[in-house]
Amino acid sequence: MEVGQIQRQWVDCMKSLFIEVSTLLPTIKTLEGFLDAQFLQLKQLQDETNPEFVVEVVSLFFEDSERLLADLTNALDQKAIDFKKVDAHVHQLKGSSSSIGAQRVKNACIAFRSFCEEQNVDACLRCLQQVKQEYFLVKTKLETLLGLEQQIVGAGGSIPMMELSL
Amino acid sequence: MDCNCIEPPPGDELLTKYQYISDFFIALAYFSIPLELIYFVKKSAVFPYRWVLVQFGAFIVLCGATHLINLWTFTVHSKTVAVVMTTAKVLTAVVSCATALLLVHIIPDLLSVKTRELFLKNKAAELDREMGLIRTQEETGRHVRMLTHEIRSTLDRHTILKTTLVELGRTLALEECALWMPTRTGLELQLSYTLRQQNPVGYTVPIHLPVINQVFSTNRAVKISPNCPVARLRPQAGKYMPGEVVAVRVPLLNLSNFQIYDWPGVSSSYALMVLMLPSGSARQWHLYELELVEVVADQVAVALSHAAILEESMRARDQLLEQNGALDRARREAETAIHARNDFLSVMNHEMRTPMHAVIALSSLLQETELTPEQRLMVETILKSSNLLVTLINDVLDLSRLEDGSLQLDAATFNLHSVFKEVVNLIKPVASVKKLSLTLHLAPDLPVYAIGDEKRLMQTILNVVGNAVKFSKEGGVSIIAFVAKVESFRDARIPDFIPVLNDNQFYLRVQVKDSGSGINPQDIPTLFTKFAQTQSPTARNSGGNGLGLAICKRFVNLMEGHIWIDSEGIGKGCTATFIVKLGLPDRSNESKAPFVHKILGNHGPTNFAGLKVLFLDDNGVSRTVTKGVLVHLGCDVTTASSSEECLRVVSHEHKVIFMDVCSGIEGYDLVERIHQKFTKRQDRPLIVALTGNTNKVTKETCVRVGMDGLILKPVSVDKMRGVLSELLEHRVLFETI
């Protein structure tokens, strides 16, 4: 495949990560990208001394999150739910997601935490669903992005500089 | 025994008999008088001359006794009788002489008693007369008081006057009493009120009659002739002599000439009160009656003035009530309008921005796709128009907030030079398209850093420079920025501008000169009015919403400055100048609470090569990310995922420990233990907390447990760079929360 084409695809993918319109309903939701500026910071840290930095961090994020999500599902499945533990897990997930810049996951976690404080079981379950959903969405996109990057590099091109301005 | 008595001649038996009888009666009288005296003295308690009476009594008794004894001497009598007789006579002689002597003393006394009595009687009569007078005066006083009371008990003009006449008539038993008031023209006196006749005829009399002038010239009651026009009120009663007439002036006070200190001397108009005694009564006007009349006239004047004042104040009060009502209504309307506008604006804000963002976002995405040139042009136009629209919305919102006064400027330290450079960078593309030169000149004494609202300052500069570029077709735009000296403010163009500076402030002056189409000097005042576009077709109608300069002006005003535009005329370009007040970052403040934001660009050591840093965080991803940042900066990073691990690994080689304190209290505990481990201060690593919490409690706790610093997540590379250099320089860094 032509490098230029892949590069364009990459641009699209990046764009879609940052600018996402959820649904063009009569009441338009806020424009919230999957990733925020933190991710760009991470990209900046990647250089010759640390060529695989982003990939490493992203993989670590996936592992961590999946583990946490499993733990959360477990904890909420119990008869006597230990909200403190649930809260601790969600806190961890929030920390990870904000470090990597996955802002929708982070926002979902924030909502989750408030319901934990209220000890509202149904709401917590709903939140868990949402967090999972968001996580899978961002995971897919990131995997696509990283795949494209590998392809570009493999084809000898260079990854375009992304200027964000809206 | 021989008796020495001479026998009376025998023919005198008749005489002897009469003598005998007379003596007898004398004796009787003489005896009864003292009895009477005694009786009456006993009756009277106050008689002071008892002693005299006793003497007198004795004298009379003895006289009586003598005469009694004399009865026996008419016939032959014995010696005993003669002796008794002699004794009696001797005693009588003694007593009577004594009494005579005593009387010399007491008769003058008795006489003086009489005179005293006379004197007292006279005095009593005099007092009676005076009593009569006082009583009369008191009566008069009572009448006056009553009159006054009656008069002053009402504040209605007519009632006052009517009452006056009635009461006066009653008190003084007048036949007629009348009041003449000046007409509107002031040239005549009109009969306004009378006592007896119910309907005044509406008679008028010219005011300048001598008798009237005479009365008006004094404040005393004046006796006038019953034949003068003002007194001829009733039909001539025939044979009787008309009673005496008295007239008095009543000062009428208008509000305009009511002067407290001069009253009532400066009255401009008077009324005339005429009082007539009953005809044929031969009564005269007494002095006290005249006084009464004068007093009443004064009281009436006062009462009338009060009535006038009351009327005036009632009128004023009614007026005020009306005005209050109107103001209230106006205020409510204004409030409703403001509420409506605020509601409108807040709705506008949200509802309009959201679709706009969608439009802009999608148009820009559309731009990136495959488009035909035609389509591309359309999309570009759409994008341009929507950007303009968003700007307009933002401007309108800003402006309304500015006008409300709800906009507050931020105050932070920023790089002044870079603001200008950024503006130039932004405008350069546009300028180069139009082939305009863009020059920037920053004065050498212009501080690099300043305290103020960076965003709004940039907005202002951008707007001004943008305008300059927009309206220039050729030539160039030059920007000059320097520190304004206080003397330069005595500029005629900025009246009322009093520069107030303290030591850490300065005035920034920016002049933007363009070589464009210039402005008609007449249009200059309207430039800063919102929505006003100048009428001239050649200039300034190539877009723009007319709000830009208005907003700039308001920002400049908020920054306590001034903005103005000069132009020599059409085609001669124009110069926009503004002055704003900015703060100077104080050198001494920095060490206390250094602003992390200020470290922009590459300041300080950028390579912390080999700096040993320990980072504690229990979240794997965060650990990796932050480690990446620190490694990027060249540090030698050790990570720990728990307090125990941290304590195990920490050594005196580590210069800084970054601790994520989101996880709770164990972090603070750890600080204690590290302090214990490293007793010597210079060996101890600096402990800095990393937190996402923006509440003061966290900061206070950090300070309390003895941490050396606190920074907020997220930490970018630049921020970390700044943080490390600060820490190494000052050994403390607490980011403001």
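Which residues does B:Cys63 touch, not counting residues up to four places away in sequence? Please note that the structure on display is a predicted model.

**Chain A as a whole.** Select chain A, which holds six helices and zero strands; from the N terminus on, its elements run α-α-α-α-α-α. Of its 166 residues, 41% count as buried. The accessible surface of chain A is about 9000 Å², and carbon and sulfur atoms contribute 51% of that area. Among contacts in chain A with a separation of 6 or more, 65% are between residues 24 or more positions apart.

**A:His91.** Next, select helix α4 of chain A, residues 83-100, where A:His91 lies. An unreviewed UniProt entry places the feature "modified residue: Phosphohistidine" at A:His91.

**B:Cys63.** Move to chain B and select helix α2, residues 50-72, which contains B:Cys63. UniProt, again in an unreviewed entry, places a "binding site" feature at B:Cys63 and B:His67. B:Cys63 has a relative accessible area of 14% and is therefore buried, the cut-off being under 20%. Leaving aside residues up to four places away in sequence, B:Cys63 touches B:Tyr30 and B:Thr92.

**B:His67.** Remain on helix α2 of chain B and select B:His67. Its relative accessibility is 24%, so B:His67 counts as partly exposed. Beyond its neighbours within four places in sequence, B:His67 is in contact with B:Asp23, B:Ile26, B:Ala27 and B:Tyr30. Finally, display the side chains of B:His67 and B:Asp23, which are joined by a polar contact of 2.8 Å.

Technical notes. Residues are numbered from 1 along each chain as its sequence is written. Chains are lettered from A and ligands numbered from 1 in the order in which they are written. This is a predicted model: local features need pLDDT of at least 70, side-chain atom pairs count only at pLDDT 80 or more; totals for chains, interfaces and linings use all residues. Side-chain values use heavy atoms; hydrogens and water are left out. Helices (H or I, at least four residues) and strands (E, at least two) are DSSP runs, numbered from the N terminus. Buried means under 20% relative accessible area, exposed over 50%, partly exposed in between (1.4 Å probe, protein chains only). Contact means heavy atoms within 4.5 Å. Accessible areas come from the Shrake-Rupley method with a 1.4 Å probe; for residues, only the protein chains shown count as cover. UniProt positions are given in the numbering used here, feature names are shortened, and annotations may be inferred rather than shown by experiment. A polar contact is a pair of N or O atoms within 3.5 Å; within protein, one must be able to donate a hydrogen and the other to accept it, and residues adjacent in sequence count only if both atoms are side-chain atoms.
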